[in-house]
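This report walks through one model, from its overall make-up to single residues. Please keep the sequence and the 3D view at hand while reading.

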Amino acid sequence: MNQFSNKEINETLRILFACIDRCQKSQAKLLKQTPQYSLLENRIHALSIAKAILNDDISFYQLDIEELQQATIPITSIINKCDKAMSKLANREAYYIRFENMYKAMIIARASIENEVNMRLKSNRKFEERGLI
């Protein structure tokens, strides 16, 4: 995680908390059987994983590599939506800045998950080489 400064990580965490909160509020207004509900559920889960990794919260250690890899999908979707929205706005409009900050935070969130996956894969390879797996 040392590829990002403490300031970047703190800003990312602030944005992750806000996104999770907004998603939970939106989800509460939906029926459980709807695609929108599932989308928000997946998004909340992915953002929570990124938040846990950035906070070095031990709870994410219970997740396997596949779950971590799946968590990058909703975050990549948010990145793509921010990118598309920014392309439609003038560079310094308030909305542009909001999307730009969210875009940067999601890049860091996705990178944190990918870094964790790569560390686990390397660790697994070492165990396999030693015949421990």
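A residue is called buried when its relative accessible area is under 20%, exposed when it is over 50%, and partly exposed in between, with a 1.4 Å probe and protein chains only. Helices (H or I, at least four residues) and strands (E, at least two) are DSSP runs, numbered from the N terminus. The model is predicted, so that local features need a pLDDT of at least 70 and side-chain atom pairs count only at pLDDT 80 or more, while totals for chains, interfaces and linings use all residues. Residues are numbered from 1 along each chain as its sequence is written, and side-chain values use heavy atoms, with hydrogens and water left out.

**Overall picture**

The chain has 4 helices and 0 strands, and from the N terminus on its elements run α-α-α-α. Its C-alpha trace spans about 55 × 40 × 25 Å along the principal axes, and buried residues make up 36% of the 133 residues. The pLDDT, which is the predictor's confidence in each residue from 0 to 100, averages 90 over the chain, and 92% of the residues score at least 70. Confidence is highest in helix α1 (residues 6-27), at a mean of 97, and lowest in helix α4 (residues 94-129), at 89.

**Helix lengths**

The expected span of a helix is 1.5 Å times one less than its number of residues.

| Helix | Number of residues | Expected span | End-to-end C-alpha distance |
|---|---|---|---|
| α2 | 20 residues | 28 Å | 29 Å |

**Buried residues and the core**

In α1 the buried residues are Ile-9, Thr-12, Leu-13, Ile-15, Leu-16, Cys-19, Ile-20, Cys-23 and Gln-27. An α-helix has 3.6 residues a turn, so residues three or four places apart point the same way. In α2 the buried residues include Tyr-37, Leu-40, Arg-43, Ile-44 and Leu-47, and in α3 they include Ile-65, Leu-68, Thr-72, Pro-74, Ile-75 and Cys-82.

A nonpolar core is a set of buried Ala, Val, Leu, Ile, Met, Phe, Trp, Tyr and Cys residues joined through side-chain atoms within 4.5 Å. The largest such core has 34 residues, of which Leu-16, Leu-47, Ile-75, Met-106 and Ile-113 touch the most other members. The elements α1, α2, α3 and α4 each give two or more residues to this core, and α2 gives the most, with 9 residues.

**The largest pocket**

On a 1 Å grid over the protein atoms alone, a pocket is an open set of points where a 1.4 Å probe fits, with protein on both sides within 12 Å along at least five of seven lines, and lining residues have an atom within 4 Å of a point. A volume is the space filled by probe spheres set on the points, which are joined across faces, edges and corners. The largest pocket has a volume of about 220 Å³. Its lining holds 13 residues, and Cys-19, Arg-22, Cys-23, Arg-43 and Met-102 lie nearest its centre. The helices α1, α2 (35-54), α3 (65-88) and α4 each supply at least two residues of this lining, with the largest share, 4 residues, coming from α1. The lining divides into 9 nonpolar, 1 polar and 3 charged residues, where Ala, Val, Leu, Ile, Met, Phe, Trp, Tyr, Cys and Pro count as nonpolar, Asp, Glu, Lys and Arg as charged, and the others, Gly among them, as polar.

**Single residues**

Asp-56 lies in the loop between α2 and α3, and it has a positive phi of about 55° although it is not a glycine. Most residues other than glycine have a negative phi. Asp-56 counts as exposed because its relative accessibility is 55%.

Ser-112, in helix α4, is buried, with a relative accessible area of 0%. The C-alpha atoms of Ser-112 and Ile-53 are separated by 6.7 Å, although these residues are 59 residues apart along the chain. Ile-49 is in helix α2 and counts as buried at 3% relative accessibility, and its C-alpha atom is separated by 17 Å from that of Lys-104, 55 residues apart along the chain. Lys-25, in helix α1, counts as exposed at 52% relative accessibility.
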